[in-house]
Amino acid sequence: MSSLLIFAIIFMTLALAFYTIGVFGEKKKGILLKWHCIIFWFGFIFDTTGTTIMSKIAAQPLSLNLHSITGGIALLLMAFHALWASAILYKGSEKSKKVFHKFSIVVWLI
């Protein structure tokens with residue numbers, strides 16, 4: 001097994017772990033907190049890193065197939081999710097902080 005593949009697996013596993021902790025931590029608390037947002041950003045960074053490494057392994061960084069399309073959509077959703085969480089925390093809307101977990105679960109499932 002190549003070292004690049006090992007690193008890709010590690011980063012993708014870290015992405016899943018961080019995102020799972022963030023999403024379900026937020027759901028358990030019932031409100032979006034700053035640490036959830038930080039965890040979302042780490043999940044996104046790890047996923048992007050793992051995806052970048054995998055594209056280097058495949059040696060086809062821009063190939064259009066089902067796997068790359070769904071992966072790209074997932075990365076965009078994660079980025080949007082982390083940005084939206086950041087915006088909600090910046091604005092400070094208590095209502096938005098309490099209902100954000102509904103969107104978080106959908107993004108996590110995708």
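This is a predicted model: local features need pLDDT of at least 70, side-chain atom pairs count only at pLDDT 80 or more; totals for chains, interfaces and linings use all residues.
**Entry 1: helix 2 against helix 3**

I then took the geometry: the axes of helix 2 (residues 34-58) and helix 3 (residues 66-91) come within 9 Å, with a crossing angle of roughly 160°. Since angles over 145 degrees count as roughly antiparallel, helix 2 is therefore roughly antiparallel to helix 3.

For the residues that meet, I listed K34, C37, F40, W41, G43, F44, D47, T48 and T51 on helix 2. On the helix 3 side I have L75, M78, A79, H81, A82, L83, A85, S86 and L89.

**Entry 2: helix 1 against helix 2**

I checked the other pair in the same terms. The axes of helix 1 and helix 2 come within 8 Å and cross at roughly 155°. Helix 1 and helix 2 are therefore roughly antiparallel to each other. Their crossing is left-handed. I sorted the contact of helix 1 with helix 2 by class and got 21 nonpolar, 7 polar and 3 charged residues.

**Entry 3: the core**

I looked up the largest nonpolar core, which has 15 residues. Y19, L32, F40, A85 and F100 have the most contacts inside it. Helix 1 (3-29), helix 2, helix 3 and helix 4 (94-109) each supply at least two residues of this core. Helix 3 gives the largest share, 6 residues.

Setting aside neighbours within four places in sequence, A85 is in contact with L32, C37, F40 and F100.

Note on methods:
Residues are numbered from 1 along each chain as its sequence is written. Side-chain values use heavy atoms; hydrogens and water are left out. Axes are lines fitted to C-alpha atoms, for helices over the stretch in contact, and angles run from 0 to 180 degrees between N-to-C directions. Helices (H or I, at least four residues) and strands (E, at least two) are DSSP runs, numbered from the N terminus. Angles under 35 degrees count as roughly parallel, over 145 as roughly antiparallel, 65 to 115 as roughly perpendicular and the rest as oblique. Contact means heavy atoms within 4.5 Å. A nonpolar core is a set of buried Ala, Val, Leu, Ile, Met, Phe, Trp, Tyr and Cys residues joined through side-chain atoms within 4.5 Å. Buried means under 20% relative accessible area, exposed over 50%, partly exposed in between (1.4 Å probe, protein chains only). A crossing is left-handed if the near helix is turned anticlockwise from the far one by less than a right angle, and right-handed if clockwise. Ala, Val, Leu, Ile, Met, Phe, Trp, Tyr, Cys and Pro count as nonpolar, Asp, Glu, Lys and Arg as charged, and the others, Gly among them, as polar.
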